[in-house]
Structure formats: structure tokens, C-alpha cells
Amino acid sequence: MARADTPSGAELQTLVIARIREILEPNMALIDPATRFGEDLHADSLDLVEILESIESELRRRGLQVRLPDADVAAIRTVGDAVERMTLHLRAADVSPARLPRTLPQP
């Protein structure tokens with residue numbers, strides 16, 4: 001069971017999109033789960049890392065520990081991928097922090 005302060009997938013999506021808008025300042029009216037970091041947002045790997053670290057930092061301020069392994073970061077292609085990876089790691093941490101997987105299965 002998730003902790004009461006663990007954000008839902010929708011809350012994580014809102015946070016991811018907010019960070020994208022702050023960091024990349026995209027000229028796009030709509031950013032959704034299918035939005036691609038490279039092709040649609042013109043983000044490179046350093047941009048993606050900056051976005052994810054910003055989200056991880058925000059979650060730490062909320063008392064939640066999440067750190068996506070490099071292999072998971074490398075597999076992220078869309079906004080939905082980022083939300084899914086974060087959600088899976090938060091759920092795994094809620095169930096058993098000692099059993100948090102090093103990486104998640106690749107799609």
C-alpha cells in the first residue's frame with residue numbers, strides 16, 4: 001500500500017510537465033504522456049537528467065526517496081515513460097525499501 005504522501009501517477013505527471021516547462025520552456029501548448037523528450041521537446045540527455053533530478057529533489061523535500069538508476073533514465077523516451085519509471089520506483093520503495101530494484105525491466 002502506498003504512503004498517504006506518495007504522489008499518484010497523475011500528480012507525478014503534473015510535476016514532470018511543470019519541470020519540463022520550467023527547465024526547457026517549450027513552445028508547446030500541450031504536453032502529454034506521449035510527448036517525446038528528443039523529437040518533440042528537443043531535449044538532450046543532460047536536459048532529461050536535469051528534469052529528473054529536479055523531480056527527485058522535490059520528492060525528497062516531501063520525505064520520499066527515489067533515485068532512478070542510469071539504465072532506467074536511458075530508457076526514458078516520453079513523458080509517460082518518466083512518470084511510469086518514477087511511479088514504479090516509488091511503489092517499490094513503499095513496499096520494501098531494502099528490495100528496491102536496481103533497474104526496472106526494459107520495455
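Biologist: Is Asp 72 buried or exposed?

Modeller: This is a predicted model, where local features need pLDDT of at least 70, side-chain atom pairs count only at pLDDT 80 or more, and totals for chains, interfaces and linings use all residues. Residues are numbered from 1 along each chain as its sequence is written, and side-chain values use heavy atoms, leaving out hydrogens and water. Buried means under 20% relative accessible area, exposed over 50%, and partly exposed in between (1.4 Å probe, protein chains only). Asp 72 has 0% relative accessibility, so Asp 72 counts as buried.

Biologist: Which residue forms a salt bridge with Asp 72?

Modeller: A salt bridge is a side-chain nitrogen of Lys or Arg within 4 Å of a carboxyl oxygen of Asp or Glu. Here the closest N and O atoms are 3.2 Å apart, and the partner of Asp 72 is Arg 85.

Biologist: How many residues apart in sequence are the parts that Asp 72 and Arg 85 tie together?

Modeller: Helices (H or I, at least four residues) are DSSP runs, numbered from the N terminus. Asp 72 lies in helix α3 and Arg 85 in helix α4 (residues 79-95), so the parts tied together are apart in sequence by 13 residues.

Biologist: Which residue forms a salt bridge with Glu 58?

Modeller: Glu 58 is buried at 16% relative accessibility, while Arg 61 is exposed at 59%. Both are in helix α2, 3 residues apart, so about one helical turn separates them. With closest N and O atoms 2.8 Å apart, the partner of Glu 58 is Arg 61.

Definitions and conventions. Helix = DSSP H or I, 4+ residues; strand = E, 2+ residues; numbered from the N terminus.
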